[in-house]
Amino acid sequence: MTAKRICELLGGSLAILDRKEVREHVLQKLSDYKKHRTLLGGYRQGNSWYWLNGSAAEAPLKERIQQGVPTANLNYISYHNNILFDSQRGCMVLCEWRISSASSH
């Protein structure tokens with residue numbers, strides 16, 4: 001089962017950190033768990049990096065990402081020991097959920 005599927009079964013999606021302020025906040029919080037590999041909602045295609053929403057990873061993010069072992073399957077962006085890299089394995093996944101805009105009457 002993929003990290004993406006785990007989040008979907010929980011009713012969410014893999015976290016997409018495409019906004020700088022959100023990314024900095026989340027990575028700071030994840031630094032408490034730096035010994036654990038955390039899978040995020042991004043991937044590598046060739047030499048380019050993208051978030052699952054299709055937006056390109058920013059240059060400062062790409063500079064921090066180390067390329068892992070190439071495989072035939074999708075490698076997600078992972079966070080481990082304060083480094084972002086690509087991987088299929090992780091012991092944690094970071095999911096996000098949309099906040100419902102429906103109001104109760």
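**Questions on the chain**

Author: Thr38 lies in strand β2, residues 38-45. Helices (H or I, at least four residues) and strands (E, at least two) are DSSP runs, numbered from the N terminus. The model is a predicted one, in which local features need pLDDT of at least 70 and side-chain atom pairs count only at pLDDT 80 or more, while totals for chains, interfaces and linings use all residues. Residues are numbered from 1 along each chain as its sequence is written, and side-chain values use heavy atoms, with hydrogens and water left out.

Reader: Is Thr38 buried or exposed?

Author: Buried means under 20% relative accessible area, exposed over 50%, and partly exposed in between (1.4 Å probe, protein chains only). Thr38 has a relative accessible area of 2%, so this residue is buried.

Reader: Which residues is Thr38 in contact with, leaving aside its neighbours within four places in sequence?

Author: Contact means heavy atoms within 4.5 Å. With neighbours within four places left aside, the partners of Thr38 are Leu30, Ile77, Ser78, Tyr79, Met92, Val93 and Leu94.

Reader: In what order do the elements of the chain run?

Author: The secondary structure comes to 3 helices and 8 strands. Read from the N terminus on, the order is α-β-α-β-β-α-β-β-β-β-β.

Reader: Which residues of α2 are buried, and why do they line one face of the helix?

Author: The buried residues of α2 are Arg23, Val26, Leu27 and Leu30. Seen down the axis of α2, they fall within an arc of 95 degrees, so they line one face of the helix. The arc is that of the directions from the helix axis to the C-beta atoms. The value behind the answer is thus the arc of 95 degrees.

Reader: Which residues touch the most other members of the largest nonpolar core, and which element gives the largest share?

Author: A nonpolar core is a set of buried Ala, Val, Leu, Ile, Met, Phe, Trp, Tyr and Cys residues joined through side-chain atoms within 4.5 Å. Of the 13 residues in the largest one, Leu17, Leu40 and Trp51 touch the most other members. Two or more residues each come from α2, β3 (48-51) and β5 (76-80). The largest share, 3 residues, is that of α2.

Reader: Which residues does Leu17 touch, not counting residues up to four places away in sequence?

Author: Leu17 is one of the residues that touch the most other members of the largest core. Apart from residues up to four places away, Leu17 touches Val22, Arg23, Val26, Leu27, Leu40 and Trp51.

Reader: Which residues does the second, separate core include?

Author: This core has 6 residues. Among them are Ala3, Cys7, Leu14 and Tyr76.

Reader: Where does Ile16 lie, and what separates its C-alpha atom from that of Tyr50?

Author: Ile16 lies in the loop between β1 (13-14) and α2 (20-30). At 15% relative accessibility, Ile16 counts as buried. Beyond its neighbours within four places in sequence, Ile16 is in contact with Gly41, Trp51, Leu52, Asn53 and Glu96. Tyr50 is 34 residues from Ile16 along the chain, and their C-alpha atoms are separated by 9.6 Å.

Reader: Which residues do salt bridges that share partners join into one network?

Author: A salt bridge is a side-chain nitrogen of Lys or Arg within 4 Å of a carboxyl oxygen of Asp or Glu. Glu8 forms one with Lys4 (3.1 Å, N to O) and another with Arg5 (3.6 Å, N to O). In helix α2, Glu24 and Lys20 are 4 residues apart, about one turn of the helix. The network formed through shared partners consists of Lys4, Arg5 and Glu8.

Reader: How many salt bridges does the count come to?

Author: The side chains of Glu24 and Lys20 also meet in a salt bridge (3.9 Å, N to O). By the rule just given, the count comes to 4.

Reader: What percentage of the residues of the chain count as buried?

Author: The chain has 105 residues. The share that counts as buried is 33%.
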